[in-house]
Amino acid sequence: MHAVMTNLAQDHARLTRVLDLLQGLLDRFHEGVEPDFELMQEMVEYIGTYADIVHHPTEDIIFRRVLEKGAGQHDVFDVLMRQHAGLSAVSKRFSKSLEGILNEEVLLREDVEANGRELVATMRAHLQLEDAEAFPIALQYLDDDDWVAIEAEAPVAEDPLFGTPDPVRFRALYRCLYEQAHSPESSE
């Protein structure tokens with residue numbers, strides 16, 4: 001597999017870990033427990049920021065190139081490219097809810113939870129569609145020259161959470177993921 005696809009697969013695995021954590025926090029919120037809203041806000045910022053700057057633009061380059069090569073599954077790629085713009089809106093809606101909580105605004109718990117669940121469900125469905133349908137088609141239709149051209153055009157930036165972690169940005173999220181990975185239960 002080409003390095004670009006390896007990186008995207010790695011991104012999907014990392015996003016899935018973050019979505020799992022977020023879903024767990026939403027479950028606690030649903031049960032009436034006050035989760036770490038700062039941590040949730042960092043998760044949403046990470047999902048949106050890295051995805052909008054690097055991940056989705058790279059995928060869009062791949063998807064356009066596959067379409068230029070004549071892949072017959074236009075609908076899948078059209079849907080995914082439209083979803084990239086829509087995911088940003090869903091992410092911003094939940095982020096606004098979390099900012100409201102952090103700023104002590106009065107919000108309905110059900111609305112905050114619904115916004116969070118919408119983000120998790122939408123992201124999971126999007127990742128699944130890419131993994132199950134779009135990526136296999138891309139691997140089938142694109143050749144080495146295509147991958148070299150895609151790599152040259154794709155934005156380059158280190159993952160701000162899983163690369164060299166910034167000591168200030170995503171501090172709570174990094175700590176939570178680190179503790180989860182190094183807890184005694186994770187080695188069972």
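Glu59 lies in helix 2, which covers residues 37-68; helices here are DSSP runs of H or I with at least four residues, numbered from the N terminus. The structure is a predicted model, in which local features need pLDDT of at least 70 and side-chain atom pairs count only at pLDDT 80 or more, whereas totals for chains, interfaces and linings use all residues. Residues are numbered from 1 along each chain as its sequence is written, and side-chain values use heavy atoms, with hydrogens and water left out.

Glu59 is buried yet has no salt bridge. Buried denotes under 20% relative accessible area, exposed over 50%, and partly exposed the range in between, with a 1.4 Å probe and protein chains only. A salt bridge requires a side-chain nitrogen of Lys or Arg within 4 Å of a carboxyl oxygen of Asp or Glu. The nearest side chain of opposite charge to Glu59 is that of Arg64, 11 Å away; Lys and Arg count as positive and Asp and Glu as negative, while His and the chain ends are not counted. The Glu59 side chain does make a polar contact with the side chain of His12, at 3.1 Å. Such a contact is a pair of N or O atoms within 3.5 Å; within protein, one must be able to donate a hydrogen and the other to accept it, and residues adjacent in sequence count only if both atoms are side-chain atoms. With neighbours within four places in sequence left aside, Glu59 is in contact (heavy atoms within 4.5 Å) with Leu8, His12, His84, His126, Glu130 and Phe135.

At the N-terminal end, helix 2 is capped by Asp36, a side-chain oxygen of which lies 3.1 Å from the backbone nitrogen of Glu38. Just after the helix, Gly70 adopts a positive phi of about 95°.

Across the whole structure, 9 salt bridges are found. One of them joins Asp20 and Arg124, with the closest N and O atoms 2.7 Å apart. This pair links distant parts of the chain, since Asp20 belongs to helix 1 (residues 3-30) and Arg124 to helix 4 (residues 109-141), 104 residues apart. Both residues are partly exposed, with relative accessible areas of 42% for Asp20 and 26% for Arg124. Asp27 and Arg117 likewise form a salt bridge, at 2.9 Å from N to O. Here too distant parts of the chain are linked, with Asp27 in helix 1 and Arg117 in helix 4, 90 residues apart.

A further salt bridge, at 2.6 Å from N to O, pairs Arg109 with Glu34. Arg109 is in helix 4 and Glu34 in the loop between helix 1 and helix 2, 75 residues apart. Relative accessibility is 31% for Arg109, which is partly exposed, and 48% for Glu34, also partly exposed.

The loop between helix 3 (74-102) and helix 4 contains Glu104. Glu104 has a positive phi of about 60° although it is not a glycine. Most residues other than glycine have a negative phi. At 72% relative accessibility, Glu104 counts as exposed.

Note on methods: Helices (H or I, at least four residues) and strands (E, at least two) are DSSP runs, numbered from the N terminus.
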